[in-house]
Amino acid sequence: MGEKMKYDGQITGKNIILRTLELADCQEYYINWLNDNETNQYLESRWSKHNINSVKDFVASINDSKHSYIFAIIHNTKHIGNIKIGPIDYLYKFADIGYLIGEKSCWGKGYATEAIGLILEFAFETLKLHRVEAGAYEQNIGSQKALLKNGFIQEGVFRKKNFLKTSNQYCDGYKYSILREEWKEHKKDAK
Ligand SMILES: CC(C)(COP(=O)(O)OP(=O)(O)OC[C@H]1O[C@@H](n2cnc3c(N)ncnc32)[C@H](O)[C@@H]1OP(=O)(O)O)[C@@H](O)C(=O)NCCC(=O)NCCS
C-alpha cells in the first residue's frame with residue numbers, strides 16, 4: 001500500500017525554502033556541522049566521524065530510499081541545515097521527522113520552527129499522512145519548543161534512554177506527535 005512519490009519541488013516559507021538535499025551539498029561546511037560536538041550532542045549521528053564520502057553515501061541512500069525524504073533548509077540562498085521525514089509507514093500513514101540547523105549563527109531565529117511547519121505541510125498535504133512523530137532529548141529545549149510551537153503534543157517520556165557524551169550521563173528522551181486534525185486546528189488558530 002502506497003509508494004514513495006517522486007518530489008522535485010521546493011517548499012517555500014516566509015524566511016526559508018526547503019529543497020531536496022543533493023550530493024553537491026555534501027561539502028566541508030556540512031561535514032563540519034556533523035562533526036561539531038555542540039551541534040551533534042543530541043543527534044544519533046554523533047557516534048561516528050563523518051567525511052565527504054560518508055555523507056554522500058548517506059544522502060544518496062535517503063534519496064534512493066522508498067521511505068524517506070531529506071531537504072536542505074535554505075535561507076537567503078545559503079544552505080543552513082537539513083530536515084528529514086521518514087521512514088514513512090505507508091500502511092498506517094505516519095512518519096518521523098529529524099532536523100538540524102547546522103549554521104550556529106542561524107540558531108534562535110525561528111528557522112527550525114519554520115522548517116518543521118513546512119515539513120508538516122508536505123506530510124499532511126502532499127503525502128497525505130495521518131500522524132507525524134518527533135523525538136527530543138530532555139535537555140534540547142530549542143527542539144522541544146520548535147515542536148510545541150507547531151502544535152506537537154508530548155506523548156511519552158523514555159526514562160534515561162539516551163546518553164549524552166558531553167556530560168557523560170543518561171538522559172530522558174521525549175516523544176512528540178501531531179495528528180492531521182490537530183495540525184489543521186493549529187493552522188486555523190495561528191491565522
Ligand atoms: C535545536 C535546534 C533545531 C533549534 O533550532 P532553532 O532554529 O534555533 O530554533 P528556533 O529558532 O525555531 O527556536 C524555537 C524556540 O526555541 C528557543 N531556543 C532555540 N534554541 C534554544 C536553546 N539552545 N535553549 C533554549 N531555547 C532555545 C527559541 O528561542 C524559540 O523560543 P521562543 O519562540 O519562545 O523564543 C537547533 O539548535 C539545532 O539544529 N541544533 C543542533 C541539532 C539538533 O539538536 N537537532 C534537533 C534534534 S531533536
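Modeller: The ligand has 20 residues around it, and the closest are Ile 101, Ala 112, Thr 113, Gly 142 and Lys 145. A residue is near a molecule if its C-beta atom, placed from the backbone, lies within 6 Å of it. This is a predicted model, so local features need pLDDT of at least 70 and side-chain atom pairs count only at pLDDT 80 or more, while totals for chains, interfaces and linings use all residues. Residues are numbered from 1 along each chain as its sequence is written.

Colleague: Which elements give two or more residues to that shell?

Modeller: β5 (94–101), α3 (111–126) and α4 (141–149) do. Helices (H or I, at least four residues) and strands (E, at least two) are DSSP runs, numbered from the N terminus. α4 gives the most, with five residues.

Colleague: And how do the shell residues divide between nonpolar, polar and charged?

Modeller: Eleven are nonpolar, seven polar and two charged. Here Ala, Val, Leu, Ile, Met, Phe, Trp, Tyr, Cys and Pro count as nonpolar, Asp, Glu, Lys and Arg as charged, and the others, Gly among them, as polar.

Colleague: Switching to α3. Is it mostly covered or mostly open?

Modeller: Mostly covered: twelve of its 16 residues are buried, including Tyr 111, Ala 112, Ile 116 and Phe 124. Buried means 20 or more other C-beta atoms within 10 Å of the residue's own, with exposed at 12 or fewer and partly exposed in between; C-beta atoms are placed from the backbone.

Colleague: What about the span of α3?

Modeller: At 1.5 Å a residue, α3 should span 22 Å, and its end C-alpha atoms are 21 Å apart, which agrees. The expected span is 1.5 Å times one less than the number of residues. Just after α3, Lys 128 takes a positive phi of about 60°.

Colleague: Which residues touch the most other members of the largest nonpolar core?

Modeller: Among its 46 residues, those are Ile 73, Ile 97, Ala 115, Ile 116, Ile 119 and Ala 123. Such a core is a set of buried Ala, Val, Leu, Ile, Met, Phe, Trp, Tyr and Cys residues joined through C-beta atoms within 7 Å. α3 supplies the largest share, ten residues.

Colleague: What does Ile 97 touch?

Modeller: Leaving out residues up to four places away in sequence, Ile 97 touches Ile 83, Lys 84, Ile 85, Ile 116, Ile 119, Val 132 and Ala 134.

Colleague: Last one: how many helices and strands are in the chain?

Modeller: Five helices and eight strands.

Terms used. Two residues are in contact if their C-beta atoms, placed from the backbone, lie within 7 Å.
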